[in-house]
Amino acid sequence: MKIKKYAAIDIGSNALRLLVSNVISFKGKTFFLKNALVRVPIRLGQDSFTKGIISDKNIKRIIKSMKSFRLLMKVHDVEGYLAYATSAIRDAKNGTHVVDKVFKKSKVKIEIIDGKKEAKIISNTNIFEIIDIEKTYLNIDVGGGSTEFSILRRGKRINSISFKIGTVRLINQGFDEKIWKQVEKWVKMNTESYSNIYIIGTGGNINKLHKLSGVKDSRPISYLNLNSIYKKLTALTYEERIVELGLNQDRSDVIIPATKLFLKLLKWSGAKVIYVPKVGLSDGMIRELYKKKRKINFQTIV
């Protein structure tokens, strides 16, 4: 048995995440097992989607987070890492400046990726390990600044796209109303030829919705179940959702537009249920890192 540790840093619009995974080679097979996950609630989208730039205050918070992540990677004896920034930083006018400054202060190298690459990485996760590979799926990853869509058929990605419609944008009205129509058109056009299609939902919001639904194990959430949760969420205040449902502060507001979006997508696609494999961008990044066999010797980083 051989065990290597890799790390993925996902710099999103609602939070920053560090995932450390064990990549295990055993009896000719490779297994990817989560070792540690750290989430820091820095809402970069609040800056980017309302002011067009990342504030100095949040740049300092990113630097502190990256320094902490770097130390954690050293402690875990991580062999290599990838750090990707998505919608908030790629849309910010000072995005490149932020990445350069963070590297200068923390020595963590961040790459700003576009929506299409983000969708591709997400769809390359281990989702087919818990669902039927023979079925056709619409994979949806709802983020804070964008939502990534992929059509998956018989284990292969047929098509993918990213739209600038995410939960942080929605609560700040930092989006174009026309995008709703564009999303509806794309979903209908790419799903209408299939007699049966299922949705795979990824991201923090759908993971939390799956937990709130009370559905056991890997069984999917139905439209009726999700609609019932939506009514419950909207009947509570922001504070009540934190206290009564145990939601984090940065989850209590964005979970409502996320639920609304999933309900719309169920209607537009004709799907009846949503499978929730509880994977996301960081999981796909670990697999990408393993595939490319990128390695960084942390002992040489000053």
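Which residues form a nonpolar patch on the surface of this structure? They are Met-1, Ile-3, Phe-26, Phe-31 and Leu-33, and together they have about 500 Å² of accessible area. Before I go on, some housekeeping: this is a predicted model, where local features need pLDDT of at least 70 and side-chain atom pairs count only at pLDDT 80 or more, while totals for chains, interfaces and linings use all residues. Residues are numbered from 1 along each chain as its sequence is written, and side-chain values use heavy atoms, with hydrogens and water left out.

Back to the patch. A patch here is made of residues with over 30% relative accessible area and no salt bridge, with like charges joined within 9 Å and nonpolar side chains (Val, Leu, Ile, Met, Phe, Trp, Tyr) within 5 Å. The areas come from the Shrake-Rupley method with a 1.4 Å probe, and for residues only the protein chains shown count as cover. Take Ile-3 as an example: its relative accessible area is 49%, so we call Ile-3 partly exposed. For those words, buried means under 20% relative accessible area, exposed means over 50%, and partly exposed is in between, again with a 1.4 Å probe and protein chains only.

Ile-3 sits in strand S1, residues 2-11, and that takes us to the sheet. Strands (E, at least two residues) and helices (H or I, at least four) are DSSP runs numbered from the N terminus, and two strands pair if DSSP finds at least two bridges between them. What order do the strands of the open sheet follow? There are five, in the order S3-S2-S1-S4-S5, and the pairing is mixed. Strands S3 (29-40) and S5 (111-112) are at the edges with a single partner each, so one side of each has no neighbour in the sheet.

Let's walk through the pairs. S1 and S2 run antiparallel and are joined by 10 bridges, with a hairpin of four residues connecting them. In that pair, Asp-10 has Arg-17 in S2 as its bridge partner. Arg-17 also has a bridge partner in S3, namely Arg-39. S2 and S3 are antiparallel too, over 11 bridges. Their hairpin has two residues between the strands, and Lys-27 takes a positive phi near 55° there. Strand S2 (residues 16-26) is mostly covered, with eight of its 11 residues buried. Over at S5, the pairing with strand S4 (residues 80-85) is parallel, through two bridges, and Ala-85 stands opposite Ile-112.

Now for the inside. Which residues have the most contacts inside the largest nonpolar core? Leu-138, Phe-149, Val-183 and Leu-265 do, in a core of 36 residues. Strands S6 (136-142) and S7 (147-153) each give two or more residues to this core, and so do helices H7 (178-191), H8 (204-213), H9 (223-235) and H12 (255-269). H12 gives the most, nine residues. By nonpolar core I mean a set of buried Ala, Val, Leu, Ile, Met, Phe, Trp, Tyr and Cys residues joined through side-chain atoms within 4.5 Å. Leaving aside neighbours within four places in sequence, Leu-265 is in contact (heavy atoms within 4.5 Å) with Ile-140, Phe-149, Val-183, Val-187 and Ile-199. There's also a second, separate core of 30 residues, which includes Val-20, Ile-63, Val-102 and Val-108.

On to charges. How many salt bridges does the structure hold? Nine, where a salt bridge is a side-chain nitrogen of Lys or Arg within 4 Å of a carboxyl oxygen of Asp or Glu. Asp-91, Lys-164 and Arg-169 are linked in a network of them. For Asp-91 and Lys-164, the closest N and O atoms are 3.8 Å apart. Asp-91 is in helix H3 (residues 87-91), while Lys-164 is in the loop between strand S8 (156-163) and helix H6 (167-172), 73 residues apart. For Asp-91 and Arg-169, the closest N and O atoms are 2.1 Å apart. Arg-169 lies in H6, so this pair ties together parts that are 78 residues apart in sequence. Is Arg-169 buried or exposed? Its relative accessibility is 6%, so Arg-169 counts as buried, while Asp-91, at 24%, counts as partly exposed.

One more pair before I stop: Lys-188 and Glu-184 meet in a salt bridge at 2.8 Å, N to O. They are four residues apart in helix H7, so about one helical turn separates them. Lys-188 is partly exposed at 35% relative accessibility, whereas Glu-184 is buried at 17%.
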